[in-house]
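Take a walk through this model, one part at a time. Keep the structure open as you read.

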Amino acid sequence: MAGFPAGRSGRPALPRRAAPAVWPGVLVPLLLLLVLFPAGAPARADEARVVAEKTVAPRTVDLTIRSPAMDGRKNVRLLLPEGWSRTADRTWPTFWLLHGGVDDYTAWTRDTDVARLTAGSGVIVVMPEGGRCGNYSDWWNHGDGGPPRWETFHLTELRRILERSYRAGTARVVAGNSMGGLGAMLYSARHPGTFRAAAAFSGYLHTRYGHTPGDDSIGWGPSLSCPGTDWRRVWGDPDDQAAIWHAHNPYDLAGRLAGTRLFVASGNGRPGSLGGLPFTDPVEAAANDHARAFVGRLRDLGIPVTTDLHDGQHSWPYWQRDLHAAYPMLMDALGR
């Protein structure tokens with residue numbers, strides 16, 4: 001009908017008097033669909049879908065998503081921009097903000113001023129649940145695959161929901177702290193072009209750093225974060241499943257980040273101007289080793305990266321400062 005005027009391609013036109021008999025039966029259901037599903041087609045029964053939505057603070061909405069990739073329900077927090085509407089005829093760019101290990105989707109609004117910082121940004125801030133030791137990956141599970149599939153949940157299921165029902169556009173940037181820093185670089189490298197910019201704060205950016213064959217200590221991170229969890233479920237054994245480890249190591253994937261604007265921050269473990277433990281923080285010292293190795297790899301490849309390597313520890317005061325330092329670059333990448 002629309003787009004095919006009478007007589008086009010030699011087809012005979014319907015008589016004008018036929019229109020009143022046809023349009024009421026078509027137009028009413030069509031209008032109902034547009035009201036019920038304003039941002040696009042509804043999800044299929046086997047697709048991820050929002051099963052609960054709750055406003056928890058100004059601009060702050062928590063979604064509960066039934067996720068086939070996760071075989072259960074997972075949460076996502078959104079900070080919506082001023083003027084946002086699910087029925088708008090425009091979209092908004094997205095700023096994905098990933099949390100660290102032993103934490104959850106409320107972390108950034110709980111421990112930083114991200115809500116105030118982004119209030120006038122004109123972007124949707126997306127803070128998804130990433131698991132205590134999810135490592136922003138689809139787990140190997142001893143070769144069986146299946147849930148948890150964090151990468152699929154975030155970059156396929158959640159992305160589609162945001163674009164279909166929350167007016168999210170295709171311009172995206174990503175940042176994260178600790179395990180979330182790994183996720184920011186990992187997602188950007190594994191999906192080139194998905195994010196215009198990526199920032200890692202105290203991220204584990206060389207997951208095979210210092211590994212020697214037969215040394216299983218490389219898996220200590222997931223083990224400490226999730227007591228009782230077999231850390232080999234994530235990427236397998238670092239020797240026997242070395243290809244999987246390489247495929248989830250930002251250092252090894254660094255060449256795929258060409259064209260993405262990059263920011264890497266890390267403390268050296270010593271207490272800095274924002275305080276901290278009275279001794280060197282071993283977690284942040286390790287993250288600093290990762291950051292320096294990763295930055296060195298980028299520079300060997302001729303890929304530009306902005307760095308902020310400073311005195312500091314593995315704690316929120318430093319990550320808030322890192323967020324503020326990276327924020328202008330992230331917004332500039334979105335044209336804000």
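A residue is called buried when its relative accessible area is under 20%, and exposed when that area is over 50%. Bear in mind that this is a predicted model.

Start with Trp 319. Its relative accessibility is 6%, so Trp 319 counts as buried. Trp 316 has a relative accessible area of 14% and is buried too. Both residues sit in helix H10 (residues 316-333). They are three residues apart there, which means about one helical turn separates them. An α-helix has 3.6 residues a turn, so residues three or four places apart point the same way.

Now look at the rings themselves. A pair of aromatic rings is described by the distance of the centres and the angle of the planes. The count for this model comes to ten aromatic pairs. One of them joins Trp 231 and Trp 245. Their centres lie 6.3 Å apart, with 80 degrees between the planes, and the pair is edge-to-face.

Why is the pair of Trp 316 and Trp 319 edge-to-face? The planes of the two rings stand at 90 degrees, and their centres are 5.1 Å apart, so the pair falls in that class. Planes over 60 degrees apart count as edge-to-face.

Turn next to the strands. Is strand S4 (residues 92-98) enclosed or open to the outside? Seven of its seven residues are buried, so S4 is largely enclosed by the rest of the structure. S4 pairs with strand S6 (residues 168-177) in the parallel sense, over six bridges. In that pairing, Leu 98 has Gly 176 of S6 as its bridge partner. S4 also runs parallel to strand S5 (residues 124-128), joined by three bridges. Here Thr 94 stands opposite Ile 124 of S5.

Finish at helix H5 (residues 179-190). H5 has twelve residues and reaches 16 Å from its first C-alpha to its last, close to the 16 Å expected. H5 is mostly covered, with eleven of its twelve residues buried. Among them are Gly 180, Gly 181 and Gly 183, along with Met 185 and Tyr 187.

Key. Residues are numbered from 1 along each chain as its sequence is written. This is a predicted model: local features need pLDDT of at least 70, side-chain atom pairs count only at pLDDT 80 or more; totals for chains, interfaces and linings use all residues. Side-chain values use heavy atoms; hydrogens and water are left out. Helices (H or I, at least four residues) and strands (E, at least two) are DSSP runs, numbered from the N terminus. The expected span of a helix is 1.5 Å times one less than its number of residues. Buried means under 20% relative accessible area, exposed over 50%, partly exposed in between (1.4 Å probe, protein chains only). Rings of Phe, Tyr and Trp (its six-membered ring) pair if their centres lie within 6.5 Å; planes under 30 degrees apart count as stacked, over 60 as edge-to-face and the rest as tilted. Two strands pair if DSSP finds at least two bridges between them.
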